[in-house]
Amino acid sequence: MGFALWLDEEARMAWAQGTQEYRPMGAAAIAITGQFRRADFRQTRALPRRLQSSFAGFFGSLEDVNRYLGSRRRRRRRTTPAYLR
Amino acid sequence: MVFLGDARVLLTLSRISPEKGQDLLLDALIDRERRGETSPLWVFICGDAAFMQGQRFLEKLRKLAARLKHTRVIFPGYVTGERKRAFFALADLYVFPSRHESYGLTLLEALAAGLPAVCLDHHGAREIMRDEFGALVRADQLSNAISRLLAEPSQLRVMSEAARAFAAGEKFYERAAILADILK
């Protein structure tokens, strides 16, 4: 399975499109702090056009996508807030 | 008509999609050139782009390929039948850079055609690969493994025979029957 990921920072949403073998899985949208599941994907769901500039990357599995989202959260947590710097 | 001269030829064959790892192969070749290895190399990355965002991934691969100065990368698209056999005959080494696979069908096809192979280490490749006809490596070892194997044509010839012999004993229908038994 291959996945493409978009992060909508403004709306705090993560969007993904997936392909299993040659079959399109459709698109899924979750909270940016969440984790994707296979059941989140809908063939009929369209990716909003405004996301084209929010592309985050390609991934070889849903586990890789979720690992990326998790690592992103951990990185953020470690960041010192601006007012304390 | 293709004139290869003294260039060596790598082949990979699969859907153009992130899980198939064609980007890892191109990264390895960029690393090879960075290490100063500039012997001419042709790389055929065969396969159709996956349906969702496949074209975008193909564009990414083309951009990576454009960074190579001494390696010619060609994307012939989907190949089958005689054309596929011709690519197997043309290649010196098969590269199977998938990030994961349940079963390496094209890997077995390549071995059956007498092509030694370099594979990333994952379950599907581990089931098939043996040291006698190639190498099973991590992504960061791919560049070195390709260089090492291409540097020894006589070794590749020995591996080619071993690959053919191994593949002749691997029957897809037997594997399919095992799987069917598990699913029952």
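1. Chain B has a radius of gyration of 16 Å, taken over C-alpha atoms, and this agrees with the value near 16 Å that a compact globule of 184 residues would have. The globule rule is 2.2 Å times the number of residues to the power 0.38. Along its principal axes, the C-alpha trace of chain B spans about 50 × 40 × 35 Å.

2. The model is predicted: local features need pLDDT of at least 70 and side-chain atom pairs count only at pLDDT 80 or more, while totals for chains, interfaces and linings use all residues. Residues are numbered from 1 along each chain as its sequence is written, with chains lettered from A and ligands numbered from 1 in the order in which they are written.

3. Chain B contains eight helices and six strands, in the sequence order β-α-β-α-β-α-β-α-β-α-β-α-α-α. Helices (H or I, at least four residues) and strands (E, at least two) are DSSP runs, numbered from the N terminus.

4. Strand β5 (residues 117–120) of chain B pairs in the parallel sense with strand β4 (residues 93–96) of chain B over three bridges; pairing requires at least two DSSP bridges between two strands. Val95(B) stands opposite Val118(B) of β5(B). β5(B) also runs parallel to strand β6 (residues 134–137) of chain B, joined to that strand by four bridges, and Leu120(B) has Val137(B) in β6(B) as its bridge partner.

5. Helix α4 (residues 105–112) of chain B, together with β4(B) and β5(B), makes a right-handed β-α-β unit. Right-handed denotes a path from the first strand over the helix to the second that runs clockwise, with the strands pointing away from the viewer.

6. In a regular strand the side chains alternate between the two faces of the sheet. Both faces of β5(B) are covered, with Ala117(B) and Cys119(B) buried on one side and Val118(B) and Leu120(B) buried on the other. A residue is buried if 20 or more other C-beta atoms, placed from the backbone, lie within 10 Å of its own. Buried residues make up 40% of chain B.

Methods
A residue is buried if 20 or more other C-beta atoms lie within 10 Å of its own, exposed if 12 or fewer, and partly exposed in between; C-beta atoms are placed from the backbone.
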